[in-house]
Structure formats: structure tokens, C-alpha cells
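Student: I have a new model open and want to learn how to read it. Where do we begin?

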Amino acid sequence: MTQSLSPEARLEELGLVLPPAIPSIANFAPALLDGGLLYLSGQGPRDATGYRFGKVGADVSADEAREHARLVGLSLLAVIRQELGSLDRVRRVVRLFGMVNATPDFVLHSRVIDGCSDLMCAVFGEEAGRHARSAVGVGSLPGNITVEIEAVVAVHS
């Protein structure tokens, strides 16, 4: 894959199709642009069949949850495109905050959230896609989803 490709062209080259961005399900905006930063609300893992549920470390493996985090990344990209009109307006991914609905003894949170981080680097390139990040385990997430990730991206004006 050529590094000089735009994010939209990389997405196409990777054969990825973004899901439709869904409206917020509570009293918050899916994204908020403030100055040169786009703040993205947390997204859960969903595909054409629906959301992914369960406790990582009990009924969901780390590898399955990593794929769920990748699905979340696709949803985040869909919200970015909806808000900005094109992924090409992203200057860089600044930060991801990933939460894993995990058992108390689960310790592979970073491995799970890498599913989203790897996607961002593939779409935006290593320099613009590499970001600051937190990956934490939590006792539960809304609706018992496996993973929730929020993001901050810097945009070209």
C-alpha cells in the first residue's frame, strides 16, 4: 500500500466499507468540532448483524474482542466522515480511550484496543494514525457491549 494515498483512498484499497453512522442514543452528540479538534463520543462494536455483547475473559476471547474493537474503529471512521464530509480532512488521530467490559482477572486490554489502533494506522498512515491512548478494563458497559472507544482527531481547516 502506498503511503502517499489519502485516507479515503487507503480505505478503498483496504476494501473497507464504513457502516452508516448511527445517531446518538441518549442526550449527547456523536461528535463535536471545537477549533481544530473533533471529539468523538464512545462507540460500541456493531456490524450488519448488530452489536457485540459479553464479558471479555469469560464468554468473549481477547482475539474476538480485538475484532470488536476494529468494528468500533469503523464506526468511529463513519462518524468522522459524517461530521467532516471526508476522512481526508483528518490531520491526525490524537487520542483513543478504550474501555473493555472484562472480568477482574483479564489483563490483555491493550491487545484488545489494538484492533482499533491498528485500523487507524492503516487508514491514516503510520504518522497521522499513531496516537496517544488509554486501554482500561471496566466492570460493565452500556447494554453489556464488549468494547467502547472514544476518540479525538485533529482536522485540517
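Tutor: This is a predicted model. Begin with one residue and its contacts. Ile80 touches Leu38, Leu40, Gly85, Leu87, Val90 and Val153, leaving aside residues up to four places away in sequence.

Student: Which residues touch the most other members of the largest nonpolar core?

Tutor: Ile80 is one of them, along with Leu40, Leu77, Phe124 and Ile149. The core has 40 residues. Helix 2 (62–84) gives the largest share, 12 residues. Strand 2, strand 5 (90–101), helix 3 (109–129) and strand 7 each supply at least two.

Student: How do I read a strand?

Tutor: In a regular strand, side chains alternate between the two faces of the sheet. Next, look for partners. Strand 2 (residues 37–43) pairs with strand 1 (residues 31–34) in the antiparallel sense, over 4 bridges. Strand 2 is also joined to strand 7 (residues 147–155) by 5 bridges, again antiparallel. Now take Tyr39 in strand 2. Tyr39 is the bridge partner of Leu32, and Tyr39 stands opposite Val152 in strand 7.

Student: What do strand 1 and strand 2 form?

Tutor: A hairpin, with 2 residues between the strands. In the turn, Gly35 has a positive phi of about 65 degrees.

Student: How do I find empty space?

Tutor: Rolling a probe the size of a water molecule over the atoms shows where empty space is left. Here, the largest pocket holds about 310 Å³. It is lined by 15 residues, and Ile25, Phe28, Gly42, Gly44 and Tyr51 are the closest to its centre.

Student: What classes of residue make up the lining of the largest pocket?

Tutor: The lining has 9 nonpolar, 5 polar and 1 charged residues. Strand 2 gives the most to this lining, with 3 residues.

Conventions: Residues numbered from 1 in each chain as written. Predicted model: local features only at pLDDT ≥ 70, side-chain atom pairs only at ≥ 80, totals over all residues. Heavy atoms only, no water. Pairing = 2+ DSSP bridges. 1 Å grid on protein atoms, 1.4 Å probe; cavity = no way out; pocket = protein on both sides within 12 Å on 5 of 7 lines; lining within 4 Å. Points joined across faces, edges and corners; volume = space filled by probe spheres on them. Nonpolar A, V, L, I, M, F, W, Y, C, P; charged D, E, K, R; others polar. Core = buried A, V, L, I, M, F, W, Y, C linked by side-chain atoms within 4.5 Å. Buried < 20%, exposed > 50% of the residue type's maximum accessible area, 1.4 Å probe, protein only. Contact = heavy atoms within 4.5 Å.
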